[in-house]
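This note sets out points for discussion on the model shown below. Please read it alongside the sequence and the coordinates.

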Amino acid sequence: MATLPNKKIDATKTAKYKYKLCNNKKPSSASLQEIIASNDTDVFALTETWHESSDDVALRRAVPPGYRCLDTARPARPAARPAAGPGRLGGGVALIHRDNLKAKRVNFESVPVSFELVAATLSAADANIVFAVLYRKGSEPVREQFFTELTSVLEALAVFSCDVV
């Protein structure tokens, strides 16, 4: 397991952040840690985390020392859909960030149901940046509800007086 020095980043401009996005599809926790550590990443966004709660062991093990995680798990399938199989499949999003970045989760008036979302304001030095991780199941057709909910999220993020990634 790689250990990272807790270095202070110069976050006076968005370009100073090193961030990456990964569509997870269940790689090992150790490989995710290695990706984050070897790239000296400040903010790491994950989609399709396949986790069921914030306490999920695999998700927790993917977070390297010196980092923290904000997440949104995909809700379990209702028991009324047994033909679809037990539990849930895929989904979930996470935002892994250096622990020297102060994070505050962004809450929205309504929780989208057509996609999964986690968003946070990350602060360091004199800069604030909002990072949002969004995932929509590609196996489902795009419906009007998706565009309505996405518009609502983007309108909520537009009021921040900082960059949005």
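In which sense do E2 and E4 pair, and over how many bridges? E2 and E4 pair in the antiparallel sense, over 5 bridges; strands pair here if DSSP finds at least two bridges between them. The numbered points below begin with the basis of the model.

1. Basis of the model. The model is predicted, so that local features need pLDDT of at least 70 and side-chain atom pairs count only at pLDDT 80 or more, whereas totals for chains, interfaces and linings use all residues. Residues are numbered from 1 along each chain as its sequence is written, and side-chain values use heavy atoms, with hydrogens and water left out. Helices (H or I, at least four residues) and strands (E, at least two) are DSSP runs numbered from the N terminus.

2. Confidence. The pLDDT, which is the predictor's confidence in each residue from 0 to 100, averages 81 over the chain, and 79% of the residues score at least 70. Over residues 1–13 the pLDDT is below 50, and this stretch has 29 contacts in the model beyond near neighbours in sequence; contact means heavy atoms within 4.5 Å. Residues 80–88 also have a pLDDT below 50, with 12 contacts beyond near neighbours in sequence. Where pLDDT is low, the predicted coordinates should not be read in detail.

3. Buried means under 20% relative accessible area, exposed over 50%, and partly exposed in between (1.4 Å probe, protein chains only).

4. Helix H1. The buried residues of H1 (residues 29–38) are Ser29, Leu32, Gln33, Ile36 and Ala37. Seen down the axis of H1, these buried residues fall within an arc of 130°, so they line one face of the helix; the arc is that of the directions from the helix axis to the C-beta atoms. They pack against strand E1 (19–23), strand E2 (43–47), helix H2 (57–62), strand E3 (67–72) and strand E4 (93–98). The face turned away from the buried side carries the exposed residues Ala30 and Ser38. Ser31 lies in H1 and is partly exposed, with a relative accessible area of 27%. The C-alpha atoms of Ser31 and Ala62 are separated by 7.9 Å, although these residues are 31 apart along the chain. H1 is followed by Asp40, whose phi is positive, near 50°.

5. The open sheet. Four strands form an open sheet in the order E5-E6-E7-E8, with mixed pairing. Its edge strands are E5 (102–105) and E8 (163–164), each pairing on one side only. Strand E7 (residues 127–135) and E8 run parallel and are joined by 2 bridges; Val130 stands opposite Val164 in E8.

6. Nonpolar cores. A nonpolar core is a set of buried Ala, Val, Leu, Ile, Met, Phe, Trp, Tyr and Cys residues joined through side-chain atoms within 4.5 Å. The largest has 15 residues, and those with the most contacts inside it are Tyr17, Val43, Leu95, Leu122 and Phe131. E2, E4, strand E6 (116–124) and E7 each give two or more residues to this core. Leaving aside neighbours within four places in sequence, the contacts of Leu122 include Tyr17, Val43, His97, Leu101, Ile129 and Phe131. A second, separate core of 12 residues includes Leu46, Tyr67, Ala94 and Ile96.

7. Phe147. This residue is in helix H3 (residues 144–158) and, at 42% relative accessibility, counts as partly exposed. Phe147 and Ser114 are 33 residues apart in sequence and 9.0 Å apart in space, C-alpha to C-alpha.
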